[in-house]
There are 2 protein chains.
Amino acid sequence: MNELKTLARKHAIIKGILHHIEWDQETFMPEGGAESRADQIQWLAGHLHNAATSDEYKNALNKLIDIQTGTVKIDCSDSEKAALREWRKDFVKDTAIPLAFVEEFSALTSRALEAWKIARKENDFSKFEPFLEKIVEMNKRKAEFLGYSKSPYDALLDVYEPGLTADKVEKVFSLLKEKMPDFVRKIKNKPCHLSMRGPYSEQDQLHLSQEILKRMGYDFKHGRIDISTHPFSTSEHPTDCRVTTRLDKNDPISNILTTMHEGGHALYEMGLPAEHFGSPLAESVSLGIHESQSRFWETRIGLSLPFWKGFLPTLQKSLKGLENATPEEVYNFVNKVEPSFIRVESDEVTYPLHVILRFEIEKDLIEGKLKAADVPKRWNELMHKYLGVTPPDDAKGCLQDIHWSMGSFGYFPTYALGTMYSAQLFEKFEETFPDWSERVENGDLLFIKKWLNENIHRYGRQYSPEELLKKATGKEFSSEPFLRYIENKYINAG
Amino acid sequence: MNELKTLARKHAIIKGILHHIEWDQETFMPEGGAESRADQIQWLAGHLHNAATSDEYKNALNKLIDIQTGTVKIDCSDSEKAALREWRKDFVKDTAIPLAFVEEFSALTSRALEAWKIARKENDFSKFEPFLEKIVEMNKRKAEFLGYSKSPYDALLDVYEPGLTADKVEKVFSLLKEKMPDFVRKIKNKPCHLSMRGPYSEQDQLHLSQEILKRMGYDFKHGRIDISTHPFSTSEHPTDCRVTTRLDKNDPISNILTTMHEGGHALYEMGLPAEHFGSPLAESVSLGIHESQSRFWETRIGLSLPFWKGFLPTLQKSLKGLENATPEEVYNFVNKVEPSFIRVESDEVTYPLHVILRFEIEKDLIEGKLKAADVPKRWNELMHKYLGVTPPDDAKGCLQDIHWSMGSFGYFPTYALGTMYSAQLFEKFEETFPDWSERVENGDLLFIKKWLNENIHRYGRQYSPEELLKKATGKEFSSEPFLRYIENKYINAG
């Protein structure tokens with residue numbers, strides 16, 4: 001086992017370096033450093049691929065588990081068996097893709113990221129279009145390498161959420177599409193007279209982000225928060241998990257919610273068992289489960305009345321012009337339901353519709369039914385169809401997300417899945433802590449982190465996403481808790 | 001040539017990544033990330049060593065230049081011949097040191113750096129001592145690997161300043177030791193009534209740093225400035241050269257001079273020909289020449305009256321409480337000569353004595369005549385002997401510099417050498433631009449950068465430090481220009 005662990009640890013170290021320089025690219029790197037950074041990423045990506053696919057690694061793995069059949073060859077604990085199962089799964093996936101492809105893809109996306117930034121800034125889709133076209137082409141080739149039974153898009157989904165297929169997504173989404181428009185129609189926003197008299201400085205807002213992260217149990221000895229165009233969290237090791245936020249100088253509350261979202265991701269990474277660094281036991285199990293952690297914090301805590309009863313005084317102490325705000329006003333403000341253009345700023349009711357739109361565009365691109373050049377038109381059509389609004393420009397439309405520029409197709413559906421998971425987790429959480437709202441109102445958030453540490457984080461990839469969810473909640477995965485939550489909160493209580 | 005260039009470029013890419021994560025370690029890395037960072041550095045250092053010493057690299061090099069004899073085997077330009085000569089020199093040096101040693105050394109210094117930070121913060125030498133002891137031992141082993149004819153310290157000097165020996169350093173230093181104390185005795189500081197009413201915020205001070213860097217021709221598209229304990233500049237590629245500064249909230253002028261110093265280093269790296277990235281033609285020639293660039297900007301421009309006549313209005317516009325200051329007062333303030341504890345804050349007259357002290361301690365450590373445990377005592381004795389002052393504690397004494405914690409022995413003497421080089425360069429500069437002081441007074445600094453670009457930066461390692469200096473100034477290296485400058489500025493004009 002030691003030989004394999006040493007090799008896998010090396011792989012994880014390379015991945016950590018890669019994550020670090022990608023973090024820098026989004027936060028502090030001077031613009032002119034992009035070309036050189038692309039070379040660095042390409043070199044590291046090559047080594048990463050090599051570390052996971054070399055004959056040396058294959059032999060070390062095959063001594064412990066039969067790569068062809070998956071039969072474990074040694075006597076070991078259940079968690080070690082799970083680690084071997086996941087190591088093998090990764091190996092099969094990684095060896096399906098040739099090194100030259102990995103390097104080409106990495107170099108392309110590094111440059112595409114810069115093109116996307118400029119296209120978004122200048123509201124000029126044509127500057128990103130050739131990159132999107134190439135990225136779609138490469139994703140099609142990737143799907144062929146990975147293999148699939150029905151749609152090439154299935155192969156891409158499986159990368160982010162093991163076992164997920166376009167058919168399964170469509171099934172979950174059709175239930176949402178069936179129910180959500182009716183909800184949206186029925187919802188009447190409560191009056192909200194909250195006035196925020198900004199501008200609020202970067203410094204003051206970042207200070208508040210730090211404060212909320214500390215209360216959530218985020219350890220600044222092992223992390224930091226900075227500003228980036230698209231907020232994200234990254235981990236180079238469970239001992240160095242950083243987050244970023246995006247600031248709106250007139251709305252300090254959007255920063256708090258973004259921070260809680262990214263903080264939820266970071267707590268997952270910080271909560272992985274560092275002693276297993278390099279093993280699947282110290283890796284997050286899927287993007288959907290990852291998103292369940294961020295959405296748990298952002299929507300189930302950050303959008304709750306008890307939270308604002310507890311946190312508003314801190315906000316008022318730090319920022320001027322909020323003296324007369326009440327928790328109920330902030331609650332009504334953050335829970336306003338309104339079809340809008342930007343996914344990351346959308347309310348929790350319309351949010352899934354943003355994801356459904358992206359899923360449908362992605363799937364058509366990958367299945368060759370849509371060209372990159374036609375994305376803006378299709379985007380606006382679907383926005384009108386699902387949300388009844390049309391973006392004024394592409395910067396607020398199909399250029400808003402970073403994902404495609406990073407080469408990620410099949411990623412978006414996990415966002416909606418994460419929201420469903422978080423709703424199911426929350427029902428169990430509520431059952432476990434009937435007094436949760438009093439505790440949160442009193443400023444205690446640490447018990448939430450501990451519960452998630454205990455029930456999700458510490459397991460790494462020991463169980464599949466579905467098994468983990470069942471272990472934590474005692475129930476099979478269902479989107480009912482989410483629909484129940486929305487109905488209770490916005491319709492029944494309204 | 002292409003095969004070698006490709007391999008050398010890979011080497012430079014790895015070095016760039018290494019420089020980047022070391023920059024992060026000093027600027028933004030959370031404290032708890034140090035152990036994981038040490039693993040990353042160790043892995044990269046191993047690959048760096050491998051890229052420069054592999055059989056593949058050796059064969060590619062040996063096709064073009066005979067590694068044993070140094071005979072160039074192909075017909076090529078003078079600059080390509082120079083590159084081959086330097087590539088060979090590096091190869092011989094790099095292959096002298098085994099990979100296991102490189103990795104061990106790298107892991108040790110990464111941890112020593114954290115220990116030094118704590119020791120300095122807590123003013124507790126005992127927390128750094130065991131690391132210093134180990135670092136000295138490893139430097140002795142390094143000297144044995146590299147080989148030397150007289151003192152093991154010669155081998156370490158040669159790493160930073162090719163051709164330099166302890167005897168040569170002692171010769172230059174003995175001339176300084178002979179003249180400087182007499183100068184220091186004769187100097188009478190001019191009265192200075194400059195009052196600075198801080199505290200000045202980090203933000204305002206960093207803004208000023210950015211302003212001065214811009215005027216120097218530093219391109220923020222390819223760089224940035226941040227704060228660190230020990231100011232430094234780093235380059236991961238000529239297109240990404242970053243600097244850091246240290247801020248004193250009560251003295252904004254020390255930040256300006258530090259920024260000019262680090263900016264001088266960065267302009268050298270930015271001025272190297274990016275098209276040769278990976279080749280010695282795109283590398284700085286020596287630490288001494290590097291330091292000549294920083295000292296040129298810091299002392300010959302930043303400590304001059306014309307500069308303050310030009311820059312003071314900007315300072316006054318940005319910072320309050322300096323309204324009544326005159327350029328002459330600032331000039332007298334920055335040129336105050338006074339024996340002090342901290343090298344980086346010392347005046348240009350006593351500065352060389354700080355270096356001489358370090359040189360003598362280092363040499364004794366490496367030659368086994370002094371133990372790490374006895375460094376504080378020896379430090380304080382020499383401070384008293386050369387500067388007539390005794391540090392109140394080790395934080396202001398032997399713990400003040402980062403270098404030993406980074407494993408660098410033989411580095412300090414290049415600081416004094418750089419000062420001598422810069423004085424010789426300045427005599428030529430003054431001859432070339434008889435109107436330099438008028439131009440600087442009018443706020444023009446760009447012509448200085450261009451002259452240094454033209455005469456130093458663009459050559460990379462094409463010539464030896466001595467040859468380069470002679471090419472730029474028309475004269476052999478001598479410490480006379482420095483002594484002449486000090487005598488004229490502080491004695492004759494006083």
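Asp182(B) is partly exposed, with a relative accessible area of 22%; here buried means under 20% relative accessible area, exposed over 50%, and partly exposed in between, with a 1.4 Å probe and protein chains only. The structure is a predicted model, in which local features need pLDDT of at least 70 and side-chain atom pairs count only at pLDDT 80 or more, while totals for chains, interfaces and linings use all residues. Residues are numbered from 1 along each chain as its sequence is written, chains are lettered from A and ligands numbered from 1 in the order in which they are written, and side-chain values use heavy atoms, with hydrogens and water left out.

The partner of Asp182(B) in a salt bridge is Lys186(B), with 3.3 Å between the closest N and O atoms. A salt bridge is counted when a side-chain nitrogen of Lys or Arg lies within 4 Å of a carboxyl oxygen of Asp or Glu. Both residues belong to helix H8 (residues 166–186) of chain B, where they are 4 residues apart, about one turn of the helix. Helices (H or I, at least four residues) and strands (E, at least two) are DSSP runs, numbered from the N terminus. Lys186(B) has a relative accessibility of 48% and so counts as partly exposed.

A second pair in chain B consists of Arg378(B) and Asp364(B), whose side chains form a salt bridge with an N to O distance of 2.7 Å. This pair links distant parts of the chain, since Arg378(B) lies in helix H15 (residues 375–387) and Asp364(B) in helix H14 (residues 351–366) of chain B, 14 residues apart. Arg378(B) is partly exposed at 23% relative accessibility, whereas Asp364(B), at 17%, counts as buried.

Glu367(B) and Lys369(B) form another salt bridge, and their closest N and O atoms are 2.8 Å apart. Glu367(B) is partly exposed, at 22% relative accessible area, and Lys369(B) is exposed, at 55%. In chain A, salt bridges that share partners connect Lys15(A), Arg85(A), Glu86(A), Lys89(A), Asp90(A), Glu283(A) and Arg461(A) in one network. Over all chains, the search of the whole structure gives 84 salt bridges.

Between chain A and chain B the count is 6 salt bridges. Glu236(A) and Arg37(B) are joined by a salt bridge in which the closest N and O atoms are 2.8 Å apart.

On the side of chain A that touches chain B, the elements giving two or more residues are helix H1 (2–27), helix H2 (34–53), strand S2 (233–237) and strand S3 (240–245). H1(A) supplies the largest share of this side, 10 residues. By type, the residues of this side are 11 nonpolar, 12 polar and 11 charged. Ala, Val, Leu, Ile, Met, Phe, Trp, Tyr, Cys and Pro count as nonpolar, Asp, Glu, Lys and Arg as charged, and the others, Gly among them, as polar.

In total, 34 residues of chain A are in contact (heavy atoms within 4.5 Å) with 34 residues of chain B. About 2700 Å² is buried between the two chains, and carbon and sulfur atoms give 60% of this area. Buried area is the accessible area (1.4 Å probe) that two parts lose on being put together, summed over both. In chain A, the residues that lose the most area to chain B are Phe28(A), Pro30(A) and Trp43(A), together 22% of what that side buries.

The largest nonpolar core has 120 residues, of which Ile301(A), Phe307(A), Leu315(A) and Ile448(A) touch the most other members. Such a core is a set of buried Ala, Val, Leu, Ile, Met, Phe, Trp, Tyr and Cys residues joined through side-chain atoms within 4.5 Å. Leaving aside residues up to four places away in sequence, Phe307(A) touches Ile212(A), Ile256(A), Met260(A), Ile301(A), Gly302(A), Val440(A) and Leu445(A).

Gly263(A), in helix H10 (residues 252–270) of chain A, is buried, with a relative accessible area of 0%. By contrast, Ala100(B), in helix H5 (residues 99–121) of chain B, is exposed at 56%.
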